[in-house]
Amino acid sequence: MSLATATTTETAAAVLPQPFADWFAHRGWTPHPHQLTMLTAARAGESALLIAPTGGGKTLAGFLPSLIELAADGGDHEGLHTLYISPLKALAVDIHRNLEQPIAEMALPIRAESRTGDTPSHKRQRQRRQPPQLLMTTPESLSLLLSYADAARMFRDLRCVIIDELHAVEDNKRGDLLSLALARIARLAPACRRVGLSATVAEPARLLRWLSPHGDGTGVRCVHGRAGARPDISVLVSRADLPWSGHMGLHALPQVYELIRGAKTTLVFVNTRAQSELVFQELWRINDANLPIALHHGSLAREQRRKVEAAMARGDLAAVVATSSLDLGVDWAAVDLVVQIGAPKGATRLLQRIGRSNHQLDRPSRAVLVPANRFEVLECHAALDAIAAHTLDGKPERPGGLDVLAQHILGMACAEPFTDDALYDEVTRAAPYADLPRPEFQDVLDFVAHGGYALGGYERFRRLSLDDADQYRIAAPVFAQRYRMNAGTIVESPTLKVRLGRGRVLGEVEEYFVTAMAPGDTFIFAGRLLRFERIHEMSVETTVATGDAPKVPAYAGGRLPLSTHLSERVRARLADPASWAELPPAVREWLQIQQWRSVLPGRDDLLIETFPRGNKHYLVAYCFEGRNAHQTMGMLLTRRMERAGFGPLGFVATDYVLAIWSLRPARDLEKLFDEDMLGDDLEAWMAESSMLRRTFRTVAVIAGLIERRHPGQEKTSRQVTFNADLIYDVLRSHEPNHILLRATRADAAAGLTDIRRVADMLARIRGRITHRALDRVSPLAVPVLLEVGRESIFGAAVDDLLGEQADDLITEATEGSDVKELPF
């Protein structure tokens, strides 16, 4: 909740009550104009979206009207006045801690508390009976509160809902769930105003629609804060040889350590939890100065995360290695440098991360990007271009998830009976569901009530009943209990607790990873090298190990794909040699040799190279559409190549390139990459592949069809998957248009497969394919070929150049070039 000293044309004294004006003056602050504008909007009863840079006092701007109103009431307001929603538990706790300062310093008669999944049960029960005036919570906790019969009493006097980091929830299923919760609050407390806070917004109109009580953008004032200081961002030039491939960035850690030593407090961001463990371990290995360096990611034990957060708040740490668990909003004044190891994958995400540095409006955020390989150098510079041009990236808009709607309907039935017409009217006031057809709503409601046609004969799926007044109500208390144990939209791979011996819990690791281990195998977790002993019940028992060849936990869904916006900028840089001057010499020479050996990808065309190697024929397509889209294309293209008799053997996809190898060379590339691959080929592949099954598993869990937790027990991953597969087969055979199968197909198209990006690319390249038939691998193709077989390499070897194979590839690609000395 930081504020910068500023001069404003508005007179704070004319807007602020005297105690608040005195408090600002005592702290040496002058209110920003957008803070006073937010106060004016609140006094008019208007909802508002505040878009202001990091350090601009957004949080205080959101809370200031509530603090003033409660102070004026003299403590007479009983019950919940203001609800603050954060996408992160850590952020909710941090904001609660920061709010206590002005409340104490002005002696305000206000009680503020936080409520997350970590809050003790006795405190959660007391908060329902005697809610504080200010409550900081998460979307999931809010949905649970609304599912109780006393929700109407608890929320009836609510005056304000503040949604922080709105951009981080608006475009996903958590946002769908929260929008439905806000629609219910609007019915329980019609006078309640909404406040959205965001620093990085690509499309303000989209956020206005989401925040609107009517789902159409009306009734919300958009307030813009003035721009902050221009961020100071640079790309690290590696003193070590720059890898051709790999994603860990370990080669640059000695330089990163020097940056940490030269700063007060550094946040070292990485892109995956596995990477965080490796980077933390290596930084400690070279930590000659014994600096206090910590690790923070979502799988660590809650107590360890809290200790790290508290130490950062006190300014006790020199550095924290973190994943997206610290992406958002946590205000640590001591942080004066952000280091991003690995390419950022999106300009918006990068801007959010660097905003954690120098959390003040008039001081520039300082950040250093550390590319892990040569393509990532291009991506890092493309991200700098985007930030300099003030262009951000975002996901395409999509309708609200039907599985989320099913969960919400069950939660509302737990709270009180409803009629279908009344609930449909309420649901369609949430922006993601504003265009929901009534028949589709009825299909979801029927599923919640009795499972649908194929499942209607099973008692366990009859969760709602109709009373004499044609109201739906919960069929039995046990369904409410199960709902509350399984609510939420975050479905991660099932995890097991990692223990030292049978005692201390270090955190959690994915079940599939440890089930493949044998006693004696080692892995890095929580910054330690551990020896696997056994799995006992839901725990992994370990001992401290020694050695230097560990296995590293690999977390599902850890890698985000390259954004469309950055991919366009990478292609533009490749096509413009004049922009190469600021690139490191090794990267410039790599591109120059590519020009000599083959050709560079164009801005709007598709470069495809084909060449023989060994007894295989390779096709390398420089699509730059992100890993998910490339994996989809790989699946579809190999089907086509099989039918054409080319004998495809396999493929590998990176964020930049797709490579396929086959027994015979591919021909007629225009036909191979025709848009019709998204027709029958796509349908057949999705029906045959396991991807739809995996997606259905997630949809079924969110919709409440499959419950991960029951009173007194928790299902294993194997049990959940087995149940999901059985139901999936039943529905495909007997009700192929079941609402959950429709939801599954929509999710698969929008998420894992990235079909929209594939379709846009195929349309863009029609008639614009540039084919180079080479006699050997090209320099630009070397990185993707090094990815082949990489998944079987453990520990630090993940970032090695795979020994002789790499040397052979590099020599082959560069042989005969007129560059005399190559830094390879």
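User: Before anything else, what makes a residue count as buried here?

Analyst: Buried means under 20% relative accessible area. This is a predicted model, and by that cut-off 58% of the 824 residues of the chain count as buried.

User: Okay, so why is Glu-625 called buried?

Analyst: Its relative accessibility is 5%, and the cut-off is under 20%, so Glu-625 counts as buried.

User: And what makes Arg-757 with Glu-625 a salt bridge?

Analyst: The closest N and O atoms of Arg-757 and Glu-625 are 3.3 Å apart. The limit is within 4 Å, so the pair passes. Arg-757 sits in helix α30 (residues 755-764) and Glu-625 in the loop between β22 (616-622) and α24 (627-643), so the bridge ties together parts 132 residues apart in sequence. Arg-757 is buried too, with a relative accessible area of 9%.

User: How do you know that Arg-764 forms a salt bridge with Glu-625?

Analyst: By the distance again: 3.1 Å between the closest N and O atoms of Arg-764 and Glu-625, against a limit of 4 Å. Arg-764 also belongs to helix α30, so this pair joins parts 139 residues apart in sequence.

User: What about Glu-416 and Arg-187, what makes that pair a salt bridge?

Analyst: Their closest N and O atoms are 2.4 Å apart, and that is within 4 Å.

User: Which residues are linked with them in a network of salt bridges?

Analyst: Arg-184 and Glu-426 join Arg-187 and Glu-416 in the network. A search of the whole structure finds 39 salt bridges.

User: Switching to the nonpolar side, what makes a set of residues a nonpolar core?

Analyst: The residues have to be buried, of nonpolar types such as Leu, Ile or Phe, and joined through side-chain atoms within 4.5 Å. The largest such core has 78 residues, and Leu-405, Ile-409, Phe-441 and Leu-464 are among those with the most contacts inside it. Helix α17 (residues 402-415) gives the most to this core, with 8 residues.

User: Which residues does Leu-464 touch?

Analyst: Among them are Ile-409, Leu-410, Ala-413, Phe-418 and Leu-445.

Key
Residues numbered from 1 in each chain as written. Predicted model: local features only at pLDDT ≥ 70, side-chain atom pairs only at ≥ 80, totals over all residues. Heavy atoms only, no water. Buried < 20%, exposed > 50% of the residue type's maximum accessible area, 1.4 Å probe, protein only. Helix = DSSP H or I, 4+ residues; strand = E, 2+ residues; numbered from the N terminus. Contact = heavy atoms within 4.5 Å. Salt bridge = Lys/Arg side-chain N within 4 Å of Asp/Glu carboxyl O. Lists of a residue's contacts leave out its neighbours within four places in sequence.
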